[in-house]
Amino acid sequence: MAAGTGRLVGRLALVTGGGSGIGRAVCQALAAQGSKVAVVDINEAPANETLQSLSCDQGLQHHSFGCDVSSTQSVSRLLTDVTQKFSCAPCITVNCAGITKDEFLLKMDNRMFDQVIKVNLKGTFLITQAVGRAMVEGKIQNGSIINMASIVGKVGNLGQCNYAASKAGVEGLTRTSAKELAKFGIRCNAVLPGFIETPMTDAVPQKVLDKFRDVIPMGRLGKPSDIADVCVFLASEESSYITGASIEVTGGLNI
């Protein structure tokens, strides 16, 4: 890509969960389109690995940051550090940070439920709130906040009542944020991945993955890049009239 080209030249993107999987792919896709990227992860080592993989063909300066998205203090510190490092607020934010603690409903303890809600839902809320404030104060034009929900939040999944509840909550949070922030020129949308090949699925037995594949009309699991490409679209001017939307990226699952 020639210098100065790309759909996101001159933009600053903050991506949580950027150390692996979908988050890493999103960072790479945004950087490839000319965006500066703040790679955020609770573990700084994988965040730095992502940082090293980012395109710098246009002299872009990316940076990695450690953050516990479930902590108000950590999120507040993150926004301070990011705005100081780049001398501006993020124009784009993609909330990819998430965890699973799977167990059947009748066996799940409170701690497993609370941990997933704390990271997946509260973490998305805290980042959205902090970034929203920074965008408003910085008078950001065409701000875009993209939240990673899941098709599981719509249809449920065995052993994932906590995860499904957290991701359904992310959709509700996204729609409400879209209503409240539209007057500031900030768009909020959700992406709903289906079964995607990530480090989370590496622990799933092959016979289970084969069953998943059998019910997907397109006949394959998704790739992190499939999700990242949608995030690039939602971050760009091409989606300037889209807000409050939930975009399913599932290969046709559950149609």
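In this predicted model, the buried residues of helix H2 are covered by elements that include helix H1 (21-32), strand S2 (36-41) and strand S3. Helix H2 spans residues 44-53, and its buried residues include Ala47, Thr50 and Leu51. They lie on the same side of H2, because they cover an arc of only 105° around the axis.

The strands form an open sheet of 7 strands with parallel pairing, in the order S3-S2-S1-S4-S5-S6-S7. Strand S3 (63-66) and strand S7 (246-249) are the edge strands, each pairing on one side only. On average, and with direction ignored, neighbouring strands of this sheet are turned by 20° against each other.

Within the sheet, strand S5 (residues 143-148) and strand S6 (residues 186-193) run parallel and are joined by 6 bridges; Ser144, for instance, has Arg187 in S6 as its bridge partner. Helix H4 packs on the sheet, where it touches strand S1 (12-16), strand S4 (92-95), S5 and S6, while helix H6 lies across S5, S6 and S7.

| Helix | Strands touched or crossed | Angle between directions |
|---|---|---|
| H4 (residues 110-137) | S1, S4, S5 and S6 | about 175° with S5 |

Definitions and conventions:
Residues are numbered from 1 along each chain as its sequence is written. This is a predicted model: local features need pLDDT of at least 70, side-chain atom pairs count only at pLDDT 80 or more; totals for chains, interfaces and linings use all residues. Side-chain values use heavy atoms; hydrogens and water are left out. Two strands pair if DSSP finds at least two bridges between them. Helices (H or I, at least four residues) and strands (E, at least two) are DSSP runs, numbered from the N terminus. Axes are lines fitted to C-alpha atoms, for helices over the stretch in contact, and angles run from 0 to 180 degrees between N-to-C directions. Contact means heavy atoms within 4.5 Å. Buried means under 20% relative accessible area, exposed over 50%, partly exposed in between (1.4 Å probe, protein chains only). The arc is that of the directions from the helix axis to the C-beta atoms.
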